[in-house]
Amino acid sequence: QPEIGWVTVIIVPESKDDKPQPSLVLRREVQRYLADRCDGLVANREDIYVVGPIYETIDLEFDIYAESIDVASNAENQARDRLKKYFHPLTDGPQDTGWDFGQGLALSDLYALLEGIAGVDYIENLRFAGDSMKAEQVAKIAPNSLLASGSFTVNTKTAENK
């Protein structure tokens, strides 16, 4: 619980992991570093908390229409890979600079992302999976949380057979 004079620092370490978490050693080093430099700013050195981020997983369902049967499998694989990369908290996101804490996600941004993949003609029925967000157009994220890649249910079809 937040208290006057307490400080919480959230660390997202540089990593290729989908949900990077700082090690205990890193958290302790940062806590010590801050404690040594904040005398008078916090009531007690033990009231500096260094933690890893909380991730809110985004699950998606969508229909992908490939330009032809020849590229359907490759288009689906590229869509899954692109989504996984897009959700990385440090290296991708809307501006390729990672995600801000509390930054939500609009389905409209994902349509553009997926339809830009080679071999994809168009995307339909893109929606958040999971009961709590199924009818939403925007995923709202808690202020101290980051987005994370979840599961993707992809129904692959071809535009020529629609």
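Modeller: Helices (H or I, at least four residues) and strands (E, at least two) are DSSP runs, numbered from the N terminus. This is a predicted model, where local features need pLDDT of at least 70 and side-chain atom pairs count only at pLDDT 80 or more, while totals for chains, interfaces and linings use all residues. Residues are numbered from 1 along each chain as its sequence is written, and side-chain values use heavy atoms, with hydrogens and water left out.

Biologist: How do I read a sheet? In what order do the strands stand?

Modeller: Start with pairs. Two strands pair if DSSP finds at least two bridges between them. Here three strands make an open sheet, ordered β5-β3-β7, with mixed pairing. The edges are β5 (120-128) and β7 (145-158); each has a single partner strand, so one side of each has no neighbour in the sheet. From one strand to the next, the twist averages 30 degrees.

Biologist: How many bridges join β3 to β5?

Modeller: Six, and the two strands run antiparallel. Strand β3 covers residues 54-66. One place to look is tyrosine 65, which stands opposite tyrosine 122 in β5.

Biologist: Which strands does helix α2 touch?

Modeller: Read contact as heavy atoms within 4.5 Å. For angles, axes are lines fitted to C-alpha atoms, for helices over the stretch in contact; the angles are between N-to-C directions and run from 0 to 180 degrees. Helix α2 (residues 69-86) packs on the sheet and touches β3, β5 and β7. Its direction makes about 175 degrees with that of β7. Helix α3 (residues 107-115) lies across β3 and β5, at about 155 degrees to β5.

Biologist: Now the inside. Which residues touch the most other members of the largest nonpolar core?

Modeller: Buried means under 20% relative accessible area, exposed over 50%, partly exposed in between (1.4 Å probe, protein chains only). A nonpolar core is a set of buried Ala, Val, Leu, Ile, Met, Phe, Trp, Tyr and Cys residues joined through side-chain atoms within 4.5 Å. The largest one has 31 residues, and Ile58, Leu60, Phe62, Leu83, Leu105 and Leu110 touch the most other members. Two or more residues each come from β3, α2, α3, β5 and β7. Strand β3 gives the most, with six. Apart from this core lies another, of five residues, including Ile11 and Cys38.

Biologist: What does phenylalanine 62 touch?

Modeller: Leave out residues up to four places away in sequence. Its contacts then include Ala79, Leu83, Leu114, Ile123, Leu126 and Val154.

Biologist: And charges? How many salt bridges are there?

Modeller: Side chains of opposite charge can pair when their charged atoms come close. The cut-off: a side-chain nitrogen of Lys or Arg within 4 Å of a carboxyl oxygen of Asp or Glu. The structure holds six. In one, glutamate 61 meets arginine 127 (3.0 Å, N to O). Glutamate 61 is in β3 and arginine 127 in β5, so the pair ties parts 66 residues apart in sequence.

Biologist: Is glutamate 61 buried or exposed?

Modeller: Glutamate 61 counts as buried, at 17% relative accessibility. Arginine 127, at 26%, counts as partly exposed.

Biologist: Which residue pairs with aspartate 63?

Modeller: Lysine 157, at 3.9 Å, N to O. Aspartate 63 is in β3 and lysine 157 in β7, 94 residues apart. Aspartate 63 is buried at 6%, and lysine 157 is partly exposed at 35%.

Biologist: Where do arginine 80 and glutamate 76 lie?

Modeller: Both are in helix α2, four residues apart, about one turn of the helix.
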